[in-house]
Amino acid sequence: MLRKFSVENFLNLQGLNIRLTTIDTSEGKKIYFKYRNGLAHFLKECSTGMSSLILIYTWLLQMDECSFVYIDKFDAFYHYELSEIIINELKKFNYTQIIVTTHNTDLLNNDLMRPDCYFVLTNNKIESLNRLTEKDIRFAHNLQKMFKSGAFNNNREHAYKN
C-alpha cells in the first residue's frame, strides 16, 4: 500500500508542505528539510507531531505483516482531521486487527466507523457503544453529541451484567 510513497510524499499527503533531501556525512546519510534559503537538520527541526507521523508511516510500511496492532493515544499530537486520515489508512489493512485509543470525541462519527467498532473503557470494563444504549443507533445520528449528552451512560450497568 504505502510502499510506493516516500516519507516525504506521506507527510505531504497529510497536509504538510515539505521537501526533504539526504546528505552523505561522515556519520552516514542524514535527512534535511530543504528550503529555498538552505537546509535544516530534520531531527533537530522535526516537531513532536511530525515525529509521531513518521513513526506511524514506519508502522504502516510493516502493517501487512502483523495480525494484531495496538496503538495507545495514537492521535495525541494530531488535529482531528489528521486523526481521521490515519484511521482511514489503518482501515485499509483488512487482515490486521487494529485497536487505537483516543480521548478525541471528534472521531466518534458514523462516517469513520460503525458504532459497534467504538468502545468505551470505564472502571476497568470495556463495552461497544451500541451495547451501551437502548436507543436504536441510526447512520444519521451524531455519535459525538450522543456521547457528550450521556446517551451511552444509561445502559452501562445492564451491559456489564450480561
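Of the 36 residues in the largest nonpolar core, which touch the most other members? The legends below begin with that view. This is a predicted model, in which local features need pLDDT of at least 70 and side-chain atom pairs count only at pLDDT 80 or more, while totals for chains, interfaces and linings use all residues. Residues are numbered from 1 along each chain as its sequence is written, and side-chain values use heavy atoms, with hydrogens and water left out.

**View A. The largest nonpolar core and the elements that supply it.** Phe10, Met50 and Ile86 touch the most other members of this 36-residue core; a nonpolar core is a set of buried Ala, Val, Leu, Ile, Met, Phe, Trp, Tyr and Cys residues joined through side-chain atoms within 4.5 Å, and buried means under 20% relative accessible area, exposed over 50% and partly exposed in between, with a 1.4 Å probe and protein chains only. At least two residues of the core come from each of helix H1 (7-13), helix H3 (48-62), strand E4 (68-71), helix H4 (80-90) and helix H5 (143-148), where helices (H or I, at least four residues) and strands (E, at least two) are DSSP runs numbered from the N terminus. H3 gives the largest share, six residues. Met50 is in contact (heavy atoms within 4.5 Å) with Leu11, Leu16, Ile18, Phe33 and Phe42, leaving aside its neighbours within four places in sequence.

**View B. Aromatic rings around Phe33.** The structure holds three aromatic pairs, a pair being rings of Phe, Tyr and Trp (its six-membered ring) whose centres lie within 6.5 Å, with planes under 30 degrees apart counted as stacked, over 60 as edge-to-face and the rest as tilted. Phe33 and Tyr35 form a stacked pair, at 6.1 Å centre to centre and 25 degrees between the planes, whereas Phe33 and Phe42 form a tilted one, at 4.9 Å and 40 degrees. Phe33 counts as buried because its relative accessibility is 4%, and Phe42 counts as buried because its value is 5%.

**View C. Gln14 in the loop between H1 and strand E1 (20-25)****.** Gln14 has 11% relative accessibility and therefore counts as buried. A polar atom of the Gln14 side chain lies 3.0 Å from the backbone oxygen of Phe10. Not counting residues up to four places away in sequence, Gln14 touches Leu53, Leu82, Ile85 and Ile86.

**View D. Strand E4 and its parallel partner.** E4 pairs with strand E5 (residues 97-100) in the parallel sense over four bridges, and two strands pair if DSSP finds at least two bridges between them. Tyr70 stands opposite Ile99 in E5. Val69 and Ile71 make up the covered face of E4, and Phe68 and Tyr70 the uncovered one. Together, E4, H4 and E5 make a right-handed β-α-β unit; right-handed means that, with the strands pointing away from the viewer, the path from the first strand over the helix to the second runs clockwise.

**View E. Tyr80 in helix H4****.** Tyr80 counts as partly exposed because its relative accessibility is 31%. Leaving aside neighbours within four places in sequence, Tyr80 is in contact with Asn104, Asp106 and Leu107.

**View F. The hairpin of E6 and E7.** Strand E6 (residues 119-122) and strand E7 (residues 125-128) pair in the antiparallel sense over four bridges, and Leu121 has Ile126 in E7 as its bridge partner. Two residues lie between the strands of this hairpin, in which Asn123 takes a positive phi near 50 degrees.

Terms used:
A polar contact is a pair of N or O atoms within 3.5 Å; within protein, one must be able to donate a hydrogen and the other to accept it, and residues adjacent in sequence count only if both atoms are side-chain atoms.
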